[in-house]
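Please keep the sequence and the structure in view while reading.

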Amino acid sequence: MTRAADDEIEDSAAPLIEHLAELRTRLIKCVVAFMVGMIICFTVATPIFNFLTAPLCQVLAERGQNCDLIFIKPQEGFFVAIKVSLLGGFMLSFPYLANQMWRFVAPGLYKSEKGAFLPFLLASPFMFILGASFAFYVVTPLAYDFFLGFQQFGTGGEAVPAGDPQNRPGLSVVFQGSAQEYLNLTIKFIVAFGLCFQLPVLLTLMGKAGLVGAEGLKTMRKYAVVGILVLAALVTPPDVITQVILFVVVYGLYEISIFLVGRVERKRIEQLKAEGAWFEDDDEDDPLLAEFEDEDGDPEDREGRS
């Protein structure tokens, strides 16, 4: 009896060990792919960094200033190259990382679940790139234009003679930026907007799983507004322009998410009706179905139920 119980425990433990071994193998492959991408980007870190400085250089050129960044510490140049390599390596290896994640998860899904999950897996990197591009090409130039508007230029360009304060020109306070500080702020913009653009993907996936509903999201609007305002204050620098842009964009994505979740719910109701798994008694208690039938339902059927 004990021998049979031990065999049953060993049989149930074997699949778990196999899954853990497969997970370890795929994690090792992901780490190797990330390291390869990081090494490749490290060899071209300077051109990548020059590309990332384009928004700042554009703003400085409009003000007639040279686009010069400085290193204020001896090791700063090395760490700038490492950060550029980390960002570039992740983006370069992301398709392979996503493929490894999908190949690990897919065998445990039904065919219908695979068909439902795969579009979201493809939409996620697209939305991240869309958010990162919006941050880089739209938000970042506006933010740096705002920040650099606080420079002060002197009234004269001559050197000030020692001990002659009467001939001193106006005080000049001009931008001499640290390369590392600039890179940190730019990456923060890119990552923040890239993650915020995942909101429709996340909420639609949760709606497809039945975890959230369109009506619930509508009732949570006021809390969403407060949460988005707090998020904008945390992930952006303390300037009103950037915070307003992030709030408008994220709240717009929230409204789009409500529309997408509503569509997912309507399709699920149609499928349940087609399969005969939807009962008429459920109609009266379902506000979504009432709204759905107001738009697409049969008026005679609604009159008969009323």
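## Helix 9 and its buried side

In helix 9, the residues Ala224, Ile228, Ala232 and Val235 are buried, where buried means under 20% relative accessible area, exposed over 50% and partly exposed in between, with a 1.4 Å probe and protein chains only. Because they cover an arc of only 85° around the axis, they sit on the same side of helix 9, the arc being that of the directions from the helix axis to the C-beta atoms. An α-helix has 3.6 residues a turn, so residues three or four places apart point the same way.

The buried residues of helix 9 pack against helix 6 (179-196) and helix 10 (240-274), while the face turned away from the buried side carries the exposed residues Lys222, Tyr223 and Leu234. Helices are DSSP runs (H or I, at least four residues), as strands are (E, at least two), numbered from the N terminus.

## Basis of the model

This is a predicted model, in which local features need pLDDT of at least 70 and side-chain atom pairs count only at pLDDT 80 or more, whereas totals for chains, interfaces and linings use all residues. Residues are numbered from 1 along each chain as its sequence is written, and side-chain values use heavy atoms, without hydrogens and water.

## Lys83 in helix 4

Lys83 belongs to helix 4 (residues 76-105) and, at 24% relative accessibility, counts as partly exposed. Leaving aside residues up to four places away in sequence, Lys83 touches Gln180, Leu183 and Asn184, contact meaning heavy atoms within 4.5 Å.
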